[in-house]
Amino acid sequence: MTDTPALEITDLRKTYGNGTQALKGVSLTVQQGDFFALLGPNGAGKSTLIGILSSLVNASGGSARIFGVDIHAQRSQAMHLIGLVPQEINFNQFEKPFDICVNVAGFYGIPRAEAVRRAEKYLRELRLWDKAFHASRMLSGGMKRRLMIARAMMNEPKLLILDEPTAGVDIEIRRSMWQFVTGINAAGTTVILTTHYLEEAEQLCRNIAIIDHGRIVENTGMKRLLAKLDVETFVLDTSPLPHKLPKVEGIALCRRDDNTLEAEMARGHDLNSLFAMLGENGITVTSMRNKANRLEELFVRLVEKNDDGQEKAA
Amino acid sequence: MSTPFANNMIALQTIVRREVMRIVRIWSQTLIPPAITATLYFIIFGTVIGSHLHKVHGFAYMTYIVPGLVMMSVINNSYGNITSSFFGAKFQRFVEEMLVSPMPSWVILSGYIIGAMARGLTLGVIVMLISLLFTNLHIEHPLITITTAMLTSMVFALAGFVNAVFARKFDDIAIIPNFVLTPLIYLGGVFYSIDQLGEPWHTISLANPILYMVNAFRYGMLGVSDIQIGVAYAVMVFFAVALSGFGLFLLHRGIGMRS
């Protein structure tokens, strides 16, 4: 069964009652052990797709198999394999985190003693144990998101789906969440992530699909996708810039402020000419970095290209 | 390795435990107000007004209304428990915890029904105990008393579940109890025998399913009824089966829960 994909979606379609076509025949394969990014603008169909996989949305057509198990024909078996961290907070705010986790384990048929052990394990790993017996409505936003990850781990899923889990979460908590998720991915759990923080996807994910207007517009490896980016932008911290910027062949310079310069050039372009020209004009470069972030640039291009196609088709 | 049946039993126990813990956690809303309401009914209708009324079917008015008041409490609390609990789960969206789990629909429905019955029947026992402060009771047919209470509780728990599934806002779970359930209870022979009614009201009353439940329960407790006991059981079983089927259909299709 090692060759069986973690997720295999074929021609998945969804048309809502009001006629909105949220998915227009999505096909996608995620291999076992992958850390997979599913990106797309708001309303692209990401949440609908995740909703169908977790059985919260009824598909209008197509099929989806999780580790070879059909989510419609063998729903119960398929749901044992999935853990879902939804976009919106959806636990009982009047219950305690410990009870929330233990109860969810019960829904999966996990005996209470084992459920208690797992609840303690995952609440500790997500740094929530000291809040385990407090009312969950009193938790901060970041804690609530971590609680939903702990809850999703109660059935120890083979496929964990995270739908924008870090929205509105501060950097420190976000990092600790990613530390946990990369840990379980390294231990063998396949992870599918949707996020609006594209640098997150760039750093964490090995493969990526971009969905827009209910269609997959790109599905490839992260490195291969980033290699498509033919333009790079560098940000340079400099000594005070002169009123008129020098001209360098093949490089577009743009002043961000009196001490910051942006240089856009073709990928692999020689940087020596840039430094030589800046030096000749008395400009000293104190530091330099790649403008964040490459994936964002590609994402915008792909989505804009698809938008143009949609308009022409319309 | 655990079987699907064993898994389902654990899931069922989990829902029932959660429901019972909810009832206990908010006891000041779930247990005390219905007991106070029932006590006021006994004082006002039984003692103050009832002392001026003739006997009904050979029983003092206070004694005659005890089964009706017990059933009123069972019906209201079975219905009210499941509407507030299941609609609350929808409103806070934690119903999704159950919908994304491997639990089959019958486990979810059974868990909520048992939870609602736990509250309805507990209140029934509490009201019956309170009635002992006002009158002496001797239960004529214990088995009929118990089965009628359980079937009635189940029917109204199921009806409450259907209400909660279709409800989109809190008003929607208040409309049916206020404008349908309460009139049907009051016109369902809780406070009088339909033999006291003239036509067409006697015949119209026969269309009220609560009449059959109250009378079956009264037969169980006092041994008197306006309705044939077999017909009353048929009505209760019919509603229990029909509403169970409808509840399962709603859950299976995800109506009001899935997109």
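Visitor: Which residues are buried in helix 1 of chain A?

Guide: In helix 1 of chain A, the buried residues are A:Lys46, A:Ser47, A:Thr48, A:Leu49, A:Ile50, A:Gly51, A:Ile52 and A:Leu53. Buried means that 20 or more other C-beta atoms, placed from the backbone, lie within 10 Å of the residue's own. Helices (H or I, at least four residues) and strands (E, at least two) are DSSP runs, numbered from the N terminus. This is a predicted model, in which local features need pLDDT of at least 70 and side-chain atom pairs count only at pLDDT 80 or more, while totals for chains, interfaces and linings use all residues. Residues are numbered from 1 along each chain as its sequence is written, and chains are lettered from A.

Visitor: Why is that helix described as largely enclosed?

Guide: 8 of the 8 residues of helix 1 (residues 46-53) of chain A are buried, so the rest of the structure largely encloses it. Just after this helix, A:Ser55 has a positive phi of about 70°.

Visitor: On to the sheet: what is the strand order in chain A?

Guide: The order is 2-1-4-5, in an open sheet of 4 strands with antiparallel pairing; two strands pair if DSSP finds at least two bridges between them. Strand 2 (21-30) and strand 5 (69-70) are the edge strands.

Visitor: How many bridges join strand 1 and strand 2?

Guide: Strand 1 (residues 7-15) and strand 2 of chain A pair over 7 bridges, and A:Leu12 stands opposite A:Val26 in strand 2.

Visitor: And which helix of chain B gives the most to the side touching chain A?

Guide: The contact takes 24 residues from chain B and 25 residues from chain A, with C-beta atoms, placed from the backbone, within 7 Å counting as contact. Helix 1 of chain B gives the most to its side, with 8 residues.

Terms used. Two residues are in contact if their C-beta atoms, placed from the backbone, lie within 7 Å. A residue is buried if 20 or more other C-beta atoms lie within 10 Å of its own, exposed if 12 or fewer, and partly exposed in between; C-beta atoms are placed from the backbone.
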